[in-house]
Amino acid sequence: MRAQPTSAEPSSEDPATGHPIAVVAARTGISRDVLRAWERRYGAVAPLRTPGGQRLYSDEHVHRIRLLADATRHGRNISAVAHLGTDELARMVVEDEAALPPPDPGADASTARDVDAAMTSIVALNGATLDALLRRAIARKGLLWFLEQLVPALMRSVGDGWVGGRLTIAHEHLATAAVISLALETIHAVPAAPSAPRLVVATPSGEPHAVGAAISAAAASIDGWSIVYLGSDIPDADIATAAAATDARAVALSIVYVEDQAGTVSQVRGLRAKLSDSVPLLIGGAGVAGLERHVRGRGIIVCESVGHLRAELEREARAR
């Protein structure tokens, strides 16, 4: 049986049987712009070319792109999986799907309805309606449900829409702005006690996605932590300086998208080295999956969810 092609192993199929990029986008749900970016930046596939320069994809390419799409929807970064052979990639996707928690039909249906309603407002670029919908959802089910269930589900839906070419950056920014605004409002609305332990929250340099940091900070504030929220794209030295200046008990870092794995690992390790040994560094977000084996341990705690982060912070608070 012939091995599946990887980025370094182009298909030998007859170009006459290849599929144009528009067909591949329709079959995989990955937009043409994203496909081109995956090829250019990561060598995810190596399509054939007609004499006129048109891309043509084999059936094997289409299969591989579907697997890459599944892997990214499960939280893995394209930079961490694009180099894998197709057989290895298929095994990873099967394992990821098997590791998903069993669904709660009632909870899922309820959350799905709220996500669908919010997505309608996002597609229409109606920020006021989106804000009202999210506030009503919070009033019905509470802030922690909003932070731990609705926001992750909503942002996955937005991400899938962007990857599939159904949403634009404008839609993503509108959704992100609404969620971050409500999360930061929560921090200000729940003032911490003067003696509350401090938590510094940020994203590392080069990471512009702040939703994970904002909802983590909001959840910690509900649990009684005093939040020092720095926002996104903060150099590790500045995060460490803020932690020292505020006598922080812990530091939380959100990492959603990793384009330069070595650089991100260096930042996380650098931040760990600059913090006091008594200050744990908690990292989470979709981008952590590809970094975990490089950073876990030595005072770095990998959190798989907002709930996991809360549990680790509770353990830290009790330990002190």
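Two residues are in contact when they have heavy atoms within 4.5 Å of each other. Welcome to this predicted model, in which local features need pLDDT of at least 70, side-chain atom pairs count only at pLDDT 80 or more, and totals for chains, interfaces and linings use all residues. Residues are numbered from 1 along each chain as its sequence is written, and side-chain values use heavy atoms, with hydrogens and water left out.

**Thr 186**

- You will find Thr 186 in helix H9; helices are DSSP runs of H or I with at least four residues, strands are runs of E with at least two, and both are numbered from the N terminus.
- Thr 186 is buried, with a relative accessible area of 6%, where buried means under 20%, exposed over 50% and partly exposed in between (1.4 Å probe, protein chains only).
- Beyond its neighbours within four places in sequence, Thr 186 is in contact with Leu 143, Ala 218, Ser 221 and Ile 222.
- A polar atom of the Thr 186 side chain lies 3.0 Å from the backbone oxygen of Leu 182.

**The largest nonpolar core**

- A nonpolar core is a set of buried Ala, Val, Leu, Ile, Met, Phe, Trp, Tyr and Cys residues joined through side-chain atoms within 4.5 Å.
- The largest one here has 46 residues, and Leu 134, Phe 146, Leu 154 and Leu 199 have the most contacts inside it.
- Elements giving two or more residues to this core include helix H9 (169-189), strand S3 (198-204) and helix H10 (211-222).
- Helix H8 supplies the largest share of this core, nine residues.
- Setting aside neighbours within four places in sequence, Leu 199 has contacts that include Trp 225, Val 251 and Leu 313.

Note on methods: Polar contact = N/O pair within 3.5 Å; in protein donor to acceptor, adjacent residues only side chain to side chain.
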